[in-house]
Amino acid sequence: MTEISHHSQVWSHRTPRTRLFMWVGWLALVALFVWCWQIMTRDTIWFFVADAPRQAADIAGRMVPPRWSYLGELWLPLWDTINIATLGTIGGVIMAVPVAFLAARNTTPSARFLRPVALFVIVASRSINSLIWALLLVAIIGPGLLAGIVAIALRSIGFVGKLLYEAIEETDQSQIEAIEATGASPAQVLNYGIVPQIMPAFWGITVFRWDINIRESTILGLVGAGGIGLKLQASLNVLAWSQVTVILLLILATVVISEWVSARMRHAII
Amino acid sequence: MLRIEHLSKTYRTGDTALSDVSLEVPKGQILGLIGPSGAGKSTLIRCINRLVEPSAGAVWLGDVNLVTLGKAELRRQRRRIGMIFQEYALVERLTVMENVLSGRLGYVSFWRSFTRRFPPQDIQRAFALLDRVGLLDHADKRADALSGGQRQRVGIARALAQDPELLLVDEPTASLDPKTSRQIMRLLTEICAERGLPAIVNIHDVPLAQQFMQRIVGLRAGRIVFDGPPEALTHEVLTRIYGEEDWNAMKRGDEEQARAEAEARERMEALAQ
């Protein structure tokens, strides 16, 4: 050391105490992993696991070549699936818009009563998977397209409602004030001050949800709610693996196209 | 024309923005309101059209006391008061024409405004105003496609579309460059002179105020500390208004702004009920 300084010459990123805690923390994590692994594998039959690659290869072998002639039977269920997604999205959005206005702090008529109700609707809708909604609805209104459409719509309320009410809360207050200052009524303030500000968000959210709904509606048929999932289930039941391949490829193509469409539309809006 | 009597505003945080302000503005007078940030300029003009609710006092516009009005009657009276904002406050995604016509909202039914089918005389008036502020060619452009000076011209046209008896102008040039600022101030004063329109202009650029205002009111810490012609604004008077050096003023200004915004938000909630 060449010069005397009253500054400390040693610096370390963590104190010894922190280092000790971190070391103990990592040790505990490893112990937890070992313990969990033992519980997870208690009922595992290792013979089956060892056999897994051969089984996978066997199924893969049955899946190719795909039975392309089966494609002809799939166009109608695919059309149904797209309709479930589209009509479900429209229905969900129509129900979500009023919920969003009730839930947003700056537009709710009653922060104490209606806002919690609206937030509950959003959480309830989001916490139940479309497949579960579809199971319930197939039991209530019977199997078919309608159950699928309603399931998708109910699931969409929460997603669209949540994102939309956040967009409403983020609107620029000064634009709203300016409209108020002209002597406009509350409905006119909504129409001129708030709605123009949330339109890009509204269309973006709707198209995004439609894209998600295309994916979700492909499996709704598994529980009897119509669409291409019905064909998938039928093929799985008879172990027609070459048909399963065709269905999975078709779903893949549909999802890719819907993502492309939604990306293009969002790009056009923003 | 406008008479403010013993107006006070204390925010719920306990901060006093205005205390016992009395002021009279005769027809046709352009009054400049100067003062340091946080002096209550913004609060004062917002108390007039009740974007901020005053705590005490009276605001007489003609023979109507605006402070005691109920919601519906307040909306009717707001039509008589045009307001021009610092950051223009145009609805960015609407066209220039829609923004100007929004000045007529207080006069038309919801359905007419929703379908954008305004009465023909409103549309003629809007075109005439756009012509007056020099933006006739931009009527169908979206507001966010315009420059700052052009946007403020739309803001002026919107306020005039109300056919107001009083203009409230909140820092009209704060976001503009010096040249555009002068053009906007000139346009404003010309229009007020043409129509015999009284205006309260909240402004923090002292030279600009001296150049364009007929009368200056100095506000400091919520009280009027100067009221006179622009020529009387001596160095001594400016020191009385602004203080020698007040480095805390800017911080307080931000706080006042935040409180005004919070209050406006609450009022929105109350209005929606």
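In helix H1 of chain B, Lys41(B), Ser42(B), Thr43(B), Leu44(B), Ile45(B), Arg46(B), Cys47(B) and Ile48(B) are buried. Buried residues have 20 or more other C-beta atoms within 10 Å of their own; exposed ones have 12 or fewer, partly exposed ones lie in between, and C-beta atoms are placed from the backbone. Eight of the eight residues of H1(B) (residues 41-48) are buried, so H1(B) is largely enclosed by the rest of the structure. Arg50(B) follows H1(B) and has a positive phi, near 60°. Helices (H or I, at least four residues) and strands (E, at least two) are DSSP runs, numbered from the N terminus.

This is a predicted model: local features need pLDDT of at least 70, side-chain atom pairs count only at pLDDT 80 or more, and totals for chains, interfaces and linings use all residues. Residues are numbered from 1 along each chain as its sequence is written, while chains are lettered from A and ligands numbered from 1 in the order in which they are written.

Confidence comes next. The complex has an ipTM of 0.84 and a pTM of 0.78 from the predictor. The mean pLDDT of chain B (the predictor's confidence in each residue, from 0 to 100) is 88, and 95% of its residues score at least 70. Within chain B, helix H3 (residues 96-101) scores highest, at a mean of 95, and helix H10 (residues 249-272) lowest, at 70.

Strand S6 (residues 81-84) of chain B is buried on both sides. Ile81(B) and Met83(B) point one way, Gly82(B) and Ile84(B) the other, and all are buried. S6(B) pairs with strand S7 (residues 166-170) of chain B in the parallel sense, over four bridges. Strands pair if DSSP finds at least two bridges between them. Met83(B) has Leu168(B) of S7(B) as its bridge partner.

Which residues meet between the chains? The contact takes 28 residues from chain A and 30 residues from chain B; contact means C-beta atoms, placed from the backbone, within 7 Å. On the chain B side, H2 (71-78), H4 (110-114) and H10 each supply at least two residues. H10(B) gives the most, with seven residues. By class, that side has 13 nonpolar, seven polar and ten charged residues.

In chain A, UniProt (unreviewed entry) places the feature "transmembrane region" at residues 20-40, 82-104 and 240-261. Such annotations may be inferred rather than shown by experiment. Two of these spans compare as follows.

Methods
Two residues are in contact if their C-beta atoms, placed from the backbone, lie within 7 Å. Ala, Val, Leu, Ile, Met, Phe, Trp, Tyr, Cys and Pro count as nonpolar, Asp, Glu, Lys and Arg as charged, and the others, Gly among them, as polar.
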